[in-house]
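Trainee: Could you walk me through this structure, one question at a time?
Mentor: Gladly, let's look at it together.

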Amino acid sequence: MPKTFLIDTTRCTACRGCQLACKEWHDLPANETKQRGSHQNPPDLNPNNLKIVRFHEYLDTKGDVVWNFFPDQCRHCLIPVCKDVADMAVPGAMIRDPKTGAVLTTEKTAELAPEDARAVIDACPYNIPRLDPKTKRLTKCDMCIDRVSVGMQPICVKTCPTGTMVFGEREEVLPVALKRLEKIKTRFPKAFLADMRDVSVIYLLADDKEHYYEYAAFL
Amino acid sequence: MTNHWIDIKNSDAVLIIGSNAAEHHPVAFKWIMQAKDNGATLMHVDPKFSRTSARCDFHVPLRSGTDIPFLGGMLNYILENELYFKDYVANYTNAAFVVGKDYDFKDGLFSGYDPATRKYDKSKWAMETGPDGGPVIDPTLQNERCVINLMRRHYSRYTLTNVSDVTGISEENLLKVYEIFCATGKPDKAGTILYALGWTQHTVGVQNIRTSALIQLLLGNIGVAGGGINALRGEPNVQGSTDHALLYHILPGYNAMPSAPWQTLAQYRKANTPATTLKNSVNWWSNRPKYVVSLLKGWFGDEATQENDFCYELLPKIEPGEDYSYMYVMDKMYHGKIRGGFIFGVNPMNSFSNTNKMRAALDKLDWLVCSELHNSETTDNWKRPGVDPKTKKTEVFLLPSAHRIEKEGTISNSGRWLQWFDQAVQPAGEARNFADIYVPLFNTIRALYKAEGGAFPEPILKMHWTDKFVADEWVRRINGFFWADSKVGGKTYKRGQLVPTFGALKDDGSTSSLNWIYTGSYTEEEGNKSKRRNSSQTPMQAAIGLYPNWSWCWPVNRRILYNRASVDLNGKPFNPKKAVIAWENGKWAGDVPDGPWPPMADRENGKLPFIMMKDGHGNFYGPGPADGPFPEHYEPAETPLARHPFSSQISSPVYKYHTSDMDQIAAPADPRYPYVLTTYSLTEHWCGGGETRNVPNLLETEPQLYVEMSHQLAGEKGITNGDGVIVESPRGRVEAIAMVTVRIRPFTIMGKTVHLVGMPFAYGWTTPKCGDSTNRLTVGAYDPNTTIPESKACCVNLYKADKLTEIG
C-alpha cells in the first residue's frame with residue numbers, strides 16, 4: 001500500500017510554512033519575485049519551488065468574501081501518466097517507488113528531448129512538472145523520499161501547524177479523509193475529496209475546483 | 001492573557017477583533033481551530049478580510065477606529081436585554097457601587113475637563129464613600145448613581161442605528177455577533193476575546209481594551225475556562241519585557257515608577273499601597289512594600305539597608321505629568337535636546353509613526369550605538385535615499401548582535417508561561433547577545449566612576465552587579481534570595497538560598513527579588529521550573545487542557561487569572577464540565593486558586609475573586625484611565641467624518657500629539673485626504689521586516705510593499721491590480737503596488753461611502769527596490785494613557801503613479 005497525504009484545505013491558513021519548508025529541505029535558492037497584486041508568490045511552481053500555496057478569492061452569491069487556499073504539489077498518482085510518457089522516450093527517466101508510491105524524476109530526465117519533456121509536462125493532469133533550464137531535468141515534489149524512507153514525515157507535513165496535512169499509510173489516511181469530508185459537508189455541501197481513487201495526495205476541497213485552481217482536481 | 005493559548009479551545013464563542021491571529025500567530029492558531037472543532041463559533045471583526053477571516057465562521061468588516069461603538073453597542077444589547085450573568089455581576093463586580101456626585105457626562109465630555117491642558121481632573125470621578133472611607137454599595141441597585149445604572153445610561157446611546165452608522169457594519173451583522181457572543185452570559189458557557197495591536201494602536205487604545213473588560217464582566221467570562229481577555233502578544237517575549245518594565249512608566253512587577261513627590265520610601269509606600277475597608281477583600285497590593293523593598297534589595301544587595309531606605313534615594317524620580325515614552329524622546333531629539341544614545345532591539349526609522357520626522361530627529365544626534373543582526377533603516381539612516389551623507393554628523397557605532405537562537409534564557413509567552421530555551425548555535429563572528437554587550441559596558445563605566453568619581457556615582461557603584469552574564473544566575477536573581485536566615489512555614493532557609501514563593505518576600509531587607517511575580521519560578525526544592533516539560537495532570541485539569549507541570553506560569557503557576565470568579569459562592573464551578581477550580585472537602589482542586597481562602601459563603605474567611613482590585617470587585621467603572629471612567633467613542637485623530645452620532649466631541653479630548661513643523665494632522669473630513677489607511681504586518685515578515693527581508697526565501701514570498709484596496713476605489717481612481725500607486729498623507733508620500741481585492745470593501749458611514757485601504761509596514765529602503773517605510777504616512781497622535789501612536793488609522797490620498805523610484 002502506498003503512502004498517502006490528506007490536504008484538508010478547510011484547515012489551511014496559507015501560512016506557507018509548507019512552501020518554505022519544502023525549499024529549505026531541498027536546499028533550493030530563492031527566486032527574485034515582484035509584487036503583482038497578489039499574495040501568491042512565486043506565481044507558479046518552478047524548479048526552485050516544488051510546492052506553492054495558491055490563493056483564490058471571489059464574492060459568493062450572497063455577497064460574502066470567499067478566500068480559498070490551495071497548497072499545490074505533485075499528487076503522486078497511483079498510475080502516473082507522466083512516468084509512462086517519459087518511459088516511452090527514455091526508459092527509467094521517471095520511476096515510481098514501489099514501497100512509498102512516490103513518483104520520482106531521475107537524472108535521466110535530462111536526456112529527454114525538449115518535445116518529450118514537454119509531452120511529460122502536458123501529460124500531467126495537475127500541471128505539476130517543470131523543466132529546469134540549468135540542469136535540463138524535470139523537477140517536482142519528491143515526497144521527501146529521503147525522509148520518508150527512513151520513517152520521517154515529508155517536511156511540509158511536519159511543518160504544518162494547523163492539521164491541514166495528514167500523512168501515512170493509505171488505509172489509515174482514507175478513513176480520516178472520509179470522516180473529515182462527512183463533517184465538512186454539513187457546512188459546505190459541495191465539499192469533495194479530489195480524485196481520491198487515483199492519487200496519493202488527496203485534497204479535501206469545500207468549493208468547486210475552479211474556486212481553488214483550474215487544475216485542483218481532474219474529475 | 002488572563003487565560004492561555006490552549007485554553008482557547010474551551011471557548012463557545014471566539015471573538016477575534018483587533019487581531020489577525022492566523023497570520024500573526026500561525027502556530028498558536030491551532031488552538032483557535034480546536035475551539036471550532038469543538039463547536040465554537042469563530043468571528044472575525046476587522047477592517048479587512050484576512051487569512052484569519054478565511055478560517056472563521058464569518059467575518060464582519062468594521063471601519064478602523066470604531067471598535068468602541070461596536071462594543072458599546074454590544075454593552076447596550078446586553079444591558080437592554082438583561083443578558084448578563086446576574087449572580088456574577090451582583091457578587092463579583094462593582095455594579096452596585098455608588099459613584100460620587102461630581103461624576104457627570106455631557107456631550108462627549110466627562111466632568112473635570114480642562115481644555116487648556118487637555119486633561120481631566122480625575123478626582124471628579126471618585127466613588128461615593130461612606131463614613132469609614134470605603135465604598136457605598138447599594139445591592140438593591142435603586143440608587144441611580146449605582147455603576148450599573150450609569151453604565152446602562154451611558155451605553156443606551158449606542159443604539160444599533162448609531163453603531164451601524166459609524167462602524168459601517170450592517171445592523172443585521174451587528175446583531176449576528178451580539179447574539180452569538182452574548183449567549184455566553186450563561187453560567188455554563190464561555191466566550192473569549194482575542195485582540196492585539198489592532199486595538200492598542202489607537203488614540204483610544206486603552207479604552208478599546210477596557211470596553212472588552214466591561215463585556216466580559218457582564219457576561220461572567222473572566223476567570224472561567226474558555227473566557228477572558230486575551231492579548232495575543234506579537235514579539236515572543238513582549239510579555240516578559242512588560243513584566244520586567246522595559247518601558248519607563250513602571251518598575252518590574254507592575255510597581256509605580258518613583259515620582260518627584262515621593263522622595264522617601266515612606267512617601268512612595270504611602271502613595272502606592274492601597275487599603276480597603278471591605279473585610280472580604282484580599283487587596284493584594286497591600287503587599288506592595290514587600291515587593292518594592294525586595295526589588296531594591298535585588299538591585300543594591302548588601303548596600304540596601306533599613307537605615308538608608310534600601311537605596312530608594314538612588315532611583316531616578318520622574319516629574320508628575322511628564323511623558324518619557326519613545327515618541328516624546330524622539331520629539332526631544334528632533335528639537336536637538338538629545339545628543340546621543342543607544343537604539344537596541346527596535347528599528348524606529350521604519351517602525352515608528354511619522355517616520356520622516358523620526359529620520360530627521362535621528363540626524364540631530366552626534367553619536368548613536370546600535371546592535372543589530374543586519375544593517376537597518378536606523379543604523380544606516382545617515383545614508384538614506386535623498387540625503388547627502390556628508391551633511392549628516394551622526395557617528396554610528398554598529399555592534400553585531402547575536403540572533404535569539406544563538407543565546408539561552410527564558411521567554412514569557414502570551415499565556416504568562418516562563419519557558420527556558422537553549423542556545424542552538426554559537427553567535428557568528430564577533431556577534432554577542434545584548435547582555436554580553438551591556439555587562440562589560442556597565443563594568444567599564446563603573447571602573448571609570450570608581451577611578452575618577454563623577455556627579456552622582458552611588459547608583460553605579462552600589463549596584464549589586466556581575467562580572468559576567470550567565471542567564472541562569474539572572475533567572476535565580478529574578479526569583480529572589482534570602483539575605484538573612486529565615487523560616488517559611490516551619491522550614492529554615494539560609495542566607496543565599498532561593499525564596500520559595502512571593503508569599504515569603506519581606507519588606508525588612510531579608511529577601512530580594514528582581515520581580516515578585518516570578519518568585520517561585522526557581523526554587524531550592526524544584527530547580528528552574530521554566531525547564532519543566534512534564535505533561536502530567538489530574539482528570540479535572542485534563543478536561544480543560546491545563547498542564548500545571550509544563551514550564552511555569554506567573555503568578556504562582558496560576559494558569560487562569562481571577563479563577564475564583566469561575567465558582568459560585570459555595571465554591572461550586574459555574575460550568576462543572578470545564579471547571580477551573582472547585583472547593584472539595586475543605587480545599588481547592590484544579591488550577592492554583594487566587595489564594596487559599598475558602599469560598600465566599602464562608603463569611604468569616606471567604607474572599608472576593610478580584611484580588612488585585614482594592615475592594616475585590618471587577619470594575620465596570622474605572623476612575624483610573626486618563627480619558628474617562630467609561631469608554632466612549634471618539635473618532636481617530638484623523639477621520640473622514642466631520643461629525644459622528646455620539647457627541648459633538650469629534651476626537652478624543654485628551655489624546656496626545658506634538659506640534660513641530662513635521663507633526664501635521666489633517667482636520668476632520670479634510671477633502672485632500674479622503675481615504676482611511678490602516679497598517680499591519682503579515683505572516684511572512686517579522687514586524688518591520690528588518691530581519692526577514694534579509695532571508696531570501698521569505699522575501700521571495702512577499703517581496704514588495706503593497707496597498708490593498710477595493711475594486712470600487714480602484715475603479716474610481718483608474719487603478720488596476722499590480723499598478724504602481726502613490727499614497728500621501730499630510731506627513732509623507734509612499735510608493736506601493738496596488739493589490740485590488742474583494743477582501744476590502746467600501747463602507748457606508750453616516751450615509752456616505754468611505755473607502756479604506758491597508759498597507760503592511762514590513763518594508764524599508766535598506767532592502768533594494770522593495771519599497772520604503774509605510775509609517776511615513778501614519779500619524780503622530782497618541783493614546784493619553786500609554787502614548788502609543790495611532791498607527792492603525794489615519795487619512796490619506798492615493799493615485800496611480802507615473803513612475804516608481806522606491807520599488808523596482
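**Domains, chains and one threonine**

Mentor: To start us off, domain 1 of chain A and domain 2 of chain A bury about 1100 Å² between them, with 59% of it on carbon and sulfur atoms. Please keep in mind that this is a predicted model.

Trainee: How far apart do the C-alpha centres of domain 1 of chain A and domain 2 of chain A lie?
Mentor: The domain assignment gives domain 1 as 3-75 + 148-211 and domain 2 as 81-140. The contact takes 14 residues from domain 1 of chain A and ten residues from domain 2 of chain A. The C-alpha centres of these two domains are separated by 22 Å.

Trainee: Which side chain meets Asp44(A) in a salt bridge?
Mentor: Across the interface of domain 1 of chain A and domain 2 of chain A, the rule finds one salt bridge. By class, the side of domain 1 that touches domain 2 has six nonpolar, two polar and six charged residues. As for Asp44(A), its salt bridge is 3.1 Å, N to O, and the partner is Arg130(A).

Trainee: What area is buried between chain A and chain B?
Mentor: Let's begin with the residues: 39 from chain A and 39 from chain B take part in the contact. Carbon and sulfur atoms give 52% of the buried area, and that area is about 3100 Å².

Trainee: Is Thr164(A) buried or exposed?
Mentor: Thr164(A) sits in the loop between helix H5 (155-159) and strand E8 (165-169) of chain A. Not counting residues up to four places away in sequence, it touches several residues, including Leu6(A), Ile7(A), Cys12(A) and Arg180(A). Its relative accessible area is 2%, and the cut-off is under 20%, so Thr164(A) is buried.

Trainee: Which residue's backbone oxygen does the side chain of Thr164(A) reach?
Mentor: One polar contact, of 2.7 Å, joins the side chains of Thr164(A) and Thr162(A). The side chain of Thr164(A) also reaches a backbone oxygen at 3.1 Å, and that oxygen belongs to Arg11(A).

Definitions and conventions
Residues numbered from 1 in each chain as written. Chains lettered and ligands numbered in written order. Predicted model: local features only at pLDDT ≥ 70, side-chain atom pairs only at ≥ 80, totals over all residues. Heavy atoms only, no water. Contact = heavy atoms within 4.5 Å. Buried area = accessible area lost by both parts, 1.4 Å probe. Domains from an automatic or database assignment. Salt bridge = Lys/Arg side-chain N within 4 Å of Asp/Glu carboxyl O. Nonpolar A, V, L, I, M, F, W, Y, C, P; charged D, E, K, R; others polar. Helix = DSSP H or I, 4+ residues; strand = E, 2+ residues; numbered from the N terminus. Buried < 20%, exposed > 50% of the residue type's maximum accessible area, 1.4 Å probe, protein only. Polar contact = N/O pair within 3.5 Å; in protein donor to acceptor, adjacent residues only side chain to side chain.
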